[in-house]
Amino acid sequence: MASAPSKLYQDDVSLVVALLDTNPFFWAGASLPFSEFLHHVIPFINTLLLLNQLNRVVLIATGTSSCGYIFDSGDGNSSGNSNAVCSGIIKKLEDFVGKDSKITKGSNGDSTRPAISSLLSGSLSLALCYIQRIFRCGARHPQPRILCLQGSPDGPEQYVAVMNSIFSAQRLMIPIDSCIVGAQHSAFLQQASYITGGVYLKPQQLDGLFQFLAAVFATDLHSRNFLRLPKPAGVDFRASCFCHKKTIDMGYVCSVCLSIFCKYHKKCSTCGSEFNQAAPDSTIPDQKH
Amino acid sequence: MAVISVATRYKTTVKEPGVPGVLKMNEERFVFMPNDPRSLMKLNVEFKNIKGHKFSKDGSKQALLNLTQDPEKGTGYIFEFDNFTDRNSCRDFVGRVLGKLQSVPGRPNEQSVPEKPAGAPLPEQLSAIEMERRIKLLREDSELQRLHKQFVLSGVLTESEFWATRKALLGEDANHTTKQRPGFKSAMLADVRPSADGRTNKVTFSLTPEIIQQIFAEKPAVHRAFLNLVPSKMSEKDFWTKYCRAEYLNRTKNAVVAAAEAAEDEELAVFLKHDDILANEARRKIRRVDPTLDMEADEGDDYIHLPDHGILRDGQKDTADTETEVSRRTLSQDLNRHAAVVLEGRTLDVELGDTRTVAEALAWSKQELLSNEKSEENVNLEKQERVARMTELEDLQASRNPPYASLCIKDPREYFDSQQANALRSLGGTEFGTNSLDLNLSKEEAYRHLKEQISEAKSRGLKNPIIRPDTALKVFSGLSQHLSSTRFQLGKNSQESALDRIPHRTKDELMHHWTSIQELLRHFWSSYPITTTGLYNKVQRVKDAMAQIYQKLQEIKESSQSDFRHQISLLVQPMLQALDAAFAHYDSEQQKRAAKGGAKPNGFVR
């Protein structure tokens, strides 16, 4: 992922776009309280800024119905004082959460079925757009990467959008690191880190979260060539079907647009092509080794 | 009943010299009679008591065949043969007999198609070549031999089933017999150069059958002359003398002499004239040429040749004197003709011996070609059609619709909107763990809680220290252990695989089990859907064999040392899964059949 080293620039510059999960339904029941979480993340951001003068950090909050930019260290008005940074972040977070709660209340009239997952696809898209803007406005070799601090479970309805973002990140050569602060692994982020060449970690001790972040996620892309970072044992590659959004292992694939279905359909809902061949009656899998 | 009788030596152990005698084998028993009538080493053993047979490798010091009674201890009757062919024939005989005896009774009636259709209830009579091929394959590939021994000789699979999937291996040999036919040489032999002897005034031409064949192919007029003149009017030698004389005359620049001689001697004239057959051919080709610019033939070909062009054979650029009939072909004409003949290829299989036969064979083949060409009316029609099509000017035509339907991807917004509706409807059915989230919490409460947390963080400010030192230490040690353990497991060398690090014996066993499982699973899955009792029995046998291997795999997994246990279980896991899937399918099929109850008239239906 490192671009060619050049004498004019430092190799270890990094642009980190961190996606914070601010899903209240998750944080209400999380083992690590949100305030503690902030007390780990904000020093980590300061650490990143300390590592190199040219480093840039951008914080994006992932809410349940919206995402927003919380902090950008490249702003002209950031004073550089860590306390000021901290208070700035917290204030912006408050505003964001307030807006998010208003949006969430407005869209879902049904209050007994709250949204459980956070809008990962939205924040990934925001991050990618920001990085693309940085690429185009001429900043020299920023070496961007995305760090997802995710706790909520994956929403299968976001499968298509998340996969599209992952492929865009892969095309742009932007590694997606994932740090899971929730209880269960996230299949989307495992796939994201695997495909883009990032690091996936689920820390066992959440009270040492800062140490995990500093040891694993703080290094820039150039130095990663010399470091040995934790790799997950396996990747959960399951897809979710396009019709019901359930995760499936075996299903039907449209031969034209490659959309995945769990049941036989006469017509593909994505591209409209018709499947003329009759469905096989038997479901005996033909395992010829 | 087939009987074999061979002179051998019988011994009880490999090392002793053995008792010479005669071994007679038939389908039921074998009898050994020592040469020495006084010896007590007579044997009369029924094949029913023989469990298996072992043999030494071809090319080892002794040609041994061991008919074992007890496979564990290896005791049996050892016979030493004088040569390997005897031993091999006995061994094959024994193998067949044992195979028959150990097969399940009643099965031979339902043999699936063997090499030759077997009407008799005996297992299929294979031709000697077939048997030889199989034995050769078995000898060459020890893995195959092991599989064969394990399954066929123990009755799990029959010979035909075993070899049915390996037709490709067996069929290879057949292709070796057809050899490639060499084509014509690229060198222009048809142009014979004489060797001149400096001392006398003689010029010598040497003609080999190869050269003669080329001459016939390249110069059809000569060919025709040969067929007409030899042996009716002149002998072969005379014919060739005349031909060589004509060549010589051509070569010398003496056109006048050539014309004079041609006028005298008719036959010589044939050689000196234009080759009219070639001219005809060229003209015919021109007629066949596609006017839509097919450069296959054009006027510059062969005989219709522009004067003043071309270099003659000996480098001069003389203008051809068209008054005389002496034809002089330019170098390029000769070369082109030779190239055309070479490319056409050699169509004759006749040996180059007798010139006459060669000439006749060539004539026959040419005739066939001609008759084929003349009868192709539709070729002309097709050509005309094509001409008509190609003379259309494309930009003056109306556009034709493509025969396919173009891909249309609907408006993505529609798709996402509909999916949103789907998603909202089915949110309750998500499989991801929702246990950790409190669903009863209403939205207001959740947001309020979050806001409280944020304000708490604001009021408290950042902690000092950020984390406690002992926590940090725990994190570091945990991380380093995790990283070093993966390094230990994966090894320093990235080329090394898990297989290389487990002990050899286990690795061999696992590999063998893998190949056996593949073989069995292939037969298992190909027998479904079960329609005959034969297939049903086969599935039974295969399933039993798979169960045995399953046992063995479990044992391997459990008995492996603790260092390798993890890797071995990782390796064994997919095998067990494949077997489990097969067993599950078998059980479900059994249940379905039991549920349907009673046997259907056509056997077993899915």
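Helices (H or I, at least four residues) and strands (E, at least two) are taken here as DSSP runs, numbered from the N terminus. The legends below describe close-up views of a predicted model.

Figure 1. Chain B comprises 21 helices and nine strands. Of its 606 residues, 33% are buried. Among contacts in chain B with a separation of 6 or more, 58% are between residues 24 or more positions apart. Chain A contains seven helices and 10 strands. In chain A, buried residues account for 53% of the 289 residues. For chain A, 64% of the contacts between residues at least 6 apart in sequence join residues at least 24 apart.

**Figure 2. Packing of helix 19 against helix 21 in chain B.** Helix 19 of chain B spans residues 504-526 and helix 21 of chain B spans residues 562-596; their axes come within 11 Å and cross at roughly 20°. Because angles under 35 degrees count as roughly parallel, helix 19 of chain B is roughly parallel to helix 21 of chain B. The crossing of helix 19 of chain B past helix 21 of chain B is left-handed. On the side of helix 19 of chain B, the contact involves B:T506, B:L510, B:W514, B:I517, B:L521, B:F524 and B:W525. Helix 21 of chain B contributes B:I568, B:L571, B:V572, B:M575, B:A578, B:L579, B:A581, B:A582, B:H585 and B:Y586. By class, the residues of this contact between helix 19 and helix 21 of chain B are 15 nonpolar, two polar and no charged.

**Figure 3. The loop residue B:S560, between helix 20 and helix 21 of chain B.** B:S560 is located in the loop that links helix 20 (533-559) to helix 21 of chain B. With a relative accessible area of 8%, B:S560 is buried, since buried means under 20%. Leaving aside residues up to four places away in sequence, B:S560 touches B:R565 and B:I568. B:I568 also belongs to the residues of helix 21 of chain B that meet helix 19 of chain B. B:I502 is 58 residues from B:S560 along the chain, and the C-alpha atoms of the two are separated by 9.5 Å.

Figure 4. Helix 6 of chain B covers residues 209-218 and includes B:E218. B:E218 has 5% relative accessibility and therefore counts as buried. In sequence, B:E218 and B:R337 are 119 residues apart, while in space they are 6.5 Å apart, C-alpha to C-alpha. Helix 7 of chain B covers residues 220-229; seven of its 10 residues are buried, so this helix is largely enclosed by the rest of the structure. The buried residues of helix 7 of chain B are B:P220, B:A221, B:V222, B:H223, B:A225, B:F226 and B:L229.

**Figure 5. Packing of helix 5 against helix 6 in chain A.** Helix 5 (residues 159-172) and helix 6 (residues 187-196) of chain A pack with their axes 9 Å apart, at an angle of about 20°. Helix 5 of chain A and helix 6 of chain A are therefore roughly parallel to each other. Helix 5 of chain A passes helix 6 of chain A in a crossing that is right-handed. From helix 5 of chain A, the contact draws on A:Y159, A:V162, A:M163, A:I166, A:F167, A:A169 and A:Q170.

Figure 6. A:Q143 is a residue other than glycine with a positive phi, near 50°. The position of A:Q143 is in the loop between helix 4 (120-136) and strand 4 (144-150) of chain A. A:Q143 counts as buried, at 8% relative accessibility. A:M173 is likewise a residue other than glycine with a positive phi, near 60°. The loop that holds A:M173 lies between helix 5 and strand 5 (176-180) of chain A. A:M173, at 55% relative accessibility, counts as exposed.

**Figure 7. The cysteines A:C86 and A:C137.** A:C86 counts as buried, at 8% relative accessibility. A:C137 has a relative accessible area of 55% and is exposed. Over all chains, the count of disulfides comes to zero, where a disulfide is a pair of cysteine sulfur atoms within 2.5 Å.

Conventions:
Residues numbered from 1 in each chain as written. Chains lettered and ligands numbered in written order. Predicted model: local features only at pLDDT ≥ 70, side-chain atom pairs only at ≥ 80, totals over all residues. Heavy atoms only, no water. Axes fitted to C-alpha atoms, helices over the stretch in contact; angles between N-to-C directions. Parallel < 35°, antiparallel > 145°, perpendicular 65-115°, else oblique. Left-handed = near helix turned anticlockwise from the far one by under 90°. Contact = heavy atoms within 4.5 Å. Nonpolar A, V, L, I, M, F, W, Y, C, P; charged D, E, K, R; others polar. Buried < 20%, exposed > 50% of the residue type's maximum accessible area, 1.4 Å probe, protein only.
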